[in-house]
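Open the model in your viewer and keep the selection tool at hand.

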Amino acid sequence: MVRSWISLIICILFGLLAASIIYYKINVLNYPVTPETTVNSWYIELQGTLERGHKSKDASTFRLTLPEENEGYSVVSIQKIANGFGEDKQNKGRELLLTKRNPDSRESIYARFLIYGLDANQGAAPATDKTDYLKTRYTVENRISNPSPETQALYDTIDFVIDRADSRSSTPLSFLKEVQAILSEDTQKAAFLMDQMKAKDLAALMVILARVEGYESRAANGILLADEVRNADILRWVEIRSNDDSDDVWRRFFTDPELQGKSLQIYRWWTGNSPLYEIKNFKEARLNILVKGNQDGAFTRALWQAEEKQPLIYKFTLQTLPLDQQLVLQVLLLFPIGALLVSFLRQVVGVKTIGTFMPVLIAVAFRETGVFYGILFFGSLIAVGMVVRANLDRLRLLMVPRLSAILTVTILFIAAFMVLSKDMHLQLGLSVALFPVVIITMFIERVSTMWDESGGKEAMTASCGSMLIACIIYFILINPFIKHFVFTFPEILFLVFGLSLVLGRYNGYKLSEYKRFWALKRAIEKQQKG
Amino acid sequence: MFGFKEAGIVGINKRNLDFVLAHNRRKFYPNADSKLKTKEIALSLGLNVPDLFANIRYQYEVKQFEDIVQPYDKFVVKPDRGSGGDGILVIIEKVMAGYKKASGNIMSRQETRYHLQNMLSGMYSLGGHDDTIVIERMVEFDPIFDEIAYQGVPDIRLIVLEGKVLMGMLRLPSKASDGKANLHTGGVGVGIDMDTGITTTAIQRNRYIDVHPETNKPLTGRQIPYWKDMLDMATKMQKASGLGYIGVDIVLDKNKGPMILEINARPGISIQIANQCGLLSRV
Ligand SMILES: Nc1ncnc2c1ncn2[C@@H]1O[C@H](COP(=O)(O)OP(=O)(O)O)[C@@H](O)[C@H]1O
Ligand SMILES: [Mg+2]
């Protein structure tokens, strides 16, 4: 009795503590309660490793192109950690040069940017800078007067492509489309042009052709902005100015046909043909780019802009952690909630499950596969596993080696499944790599022993119970509001802790027991009356 | 809600919190969880137990199983730390092909060896820990239950709380339970009147029945012999075990009278259904 009271009091205290911190955060510090539904700021994080080359007297350098402000986005903050490197800005602050005299065999660098979408004119805006986007030495005025036959051939090919494209198109954008069509039809010409003009890629080549035609154009480089990208690619495209009476905008043209005609949210990192980074006296550089949509908008912007003069509590804000840690924590913090739910369903409702927190783990697996394919995949894996186990049973194997045999078969089955789905061009969206196979194996083993000992009915109810709870937890895991709330107000877990204690002292009946003891209760009541 | 509390019914949460956790200290659990320990305690109190034939502890000993049981025709093999009747073999005869179980089914020697190995690796033990195997004399049960015991040994389960026997139940093996009397294996549970030791109402798989499903003989109105002795044995065991709340399993041997089979630190709550009475109203 006393213990129950203590648990209840602890729960109330922790609940109050959580409530007051949350109240303070919301009302005094203006933390946002709900995520912004339209994300318009993103974190971009670079994690790089540099391998040292041969020892040399010269300093080793790493030059990085910094994200630039443009008509669609402003760069709110830049943070970088590069221990022992000298830093220097170059090229009007557009590039960062890191220099180190005697680098270690492996150096790591880290940079993080917060970019903020501007409300006006997403993606395309008039040219405002003074760069000459028409400059090329292949326009008629700039051509050499007495060219060699080879150069003459180049001029002819240029003219041929341009005239042809011009005759078929009416707008700058359709001009680019035609150019690409012509070049992909006649790959010989394309190769010749690339070679002669020393163009880096198709985009660079098309920029020149557009300029010769008289369209202002430039090559652009950037990334796709999405909620969560762990390994972003640098995209390249052509931008061409479309300037008529009604509007004056830069239009985007992707040379990659897969990206054409899609409305994508893309951030232009830099323009021109220079690479993202260059190294000198390093053997190799590996760079990983992470992107994460920031649903806390203004709040994190405030957090990032003035990191020094802030109240201490900001220090404990999870949003200041490195991105990859944030991504992991976002999920981890939801585990206790899932576990609490399992406790509730087991203790109060009386749902039977296989293994205590197996449902939480299954739910995490579903996060990778989606719930539909998750259940399908999980179900078939377990079915296969059970068949294998039933057959292995005849061989009379010891328990632990039998487990590893089932594990092996399960993994082989997953491999086969992946190969098959690739062959049939099934885009299942399966990322099975993270699928906790070991858990499936244990699941199979538990179901099978349960099947043997308590019959198929028991085993099936428990499996279905586990799946049901896993589904519920899955929907908690993917809910953006819950995710945001717990991540922004992790102190809510104090309450979860308190509730676990109270639940641990629950001595009432389970819902399922009302059914189990119904006849008994009736019989007792009859006796009491009689 | 729904008058469950008024009826004095104890649910599983209440059993765990207010009976098991409140009265049983963890350090005394082994006294109940290990059948060998329980045997020792019972013997030290001068109570009867089925004779211990052997204790197999290591995998290599499994090979010697045939030699070990060579002198005995009938015997029982069980996991030392098992529960709920899981993994128990009640062998009533040795035959050419292997061992004949109480249900009449025959287990080949090979199958038996596999079973023993699984037992040792903890398949039937609490929490899956490594286990040892107990081989003991098969109880020759009193013919008094002949009419209502089917292929196996009936036992009497008594629930004891701090010196007082709260409730009792006669458990009878059925066709489904393979010689074991545990309820969840399909055994029949019969309530017992505490004062007289006469059986009252009966259940199988949570349903009320009047006659034994296999022998069709009435289950109610039967006198349990040695009833007072049994109550006495149960309270003694509870005190000696250090645990405040236990279930004591007693079997009635034809020659030696009541014997302690095992004790249980988390006795099941279906006993309430068999007795048509809530445990709470007996506290
Ligand atoms: N020595 C024995 N002789 C005959 N039957 C036995 C013997 N030991 C156990 N049994 C049968 O198996 C059942 C379960 O045995 P028990 O020792 O209580 O183990 P558990 O902890 O698994 O319940 C008993 O109710 C009884 O029917
Ligand atoms: Mg028992």
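A residue counts as buried when its relative accessible area is under 20%. Keep that cut-off in mind for the first stop, and remember that this is a predicted model.

Select A:Arg211, which sits in helix H5 (residues 202-213) of chain A. Is A:Arg211 buried or exposed? Its relative accessible area is 16%, so A:Arg211 is buried.

Now show what surrounds this residue. Leaving aside residues up to four places away in sequence, A:Arg211 touches several others, including A:Asp132, A:Tyr133, A:Leu134 and A:Thr139. A:Ser217 and A:Arg218 are also among the residues it touches. Next, pick A:Lys135: its backbone oxygen is reached by the side chain of A:Arg211 at 2.9 Å.

Zoom out and colour the two chains separately. The contact between them takes 29 residues from chain A and 33 residues from chain B. About 2,900 Å² is buried between the chains, and carbon and sulfur atoms give 59% of that area. Select B:Phe4, B:Asn13 and B:Tyr114: these supply 25% of the area that chain B buries against chain A, more than any other three residues.

Which helices of chain B each supply at least two residues of the side that touches chain A? Select H1 (12-23), H5 (109-120) and H7 (271-275) of chain B. H1(B) gives the largest share, five residues. By class, this side of chain B has 15 nonpolar, 12 polar and six charged residues.

Last, look for pairs across the interface. Eight residue pairs are in polar contact there, while the number of salt bridges found is zero.

Technical notes
Residues numbered from 1 in each chain as written. Chains lettered and ligands numbered in written order. Predicted model: local features only at pLDDT ≥ 70, side-chain atom pairs only at ≥ 80, totals over all residues. Heavy atoms only, no water. Contact = heavy atoms within 4.5 Å. Buried area = accessible area lost by both parts, 1.4 Å probe. Salt bridge = Lys/Arg side-chain N within 4 Å of Asp/Glu carboxyl O. Polar contact = N/O pair within 3.5 Å; in protein donor to acceptor, adjacent residues only side chain to side chain. Helix = DSSP H or I, 4+ residues; strand = E, 2+ residues; numbered from the N terminus. Nonpolar A, V, L, I, M, F, W, Y, C, P; charged D, E, K, R; others polar. Buried < 20%, exposed > 50% of the residue type's maximum accessible area, 1.4 Å probe, protein only.
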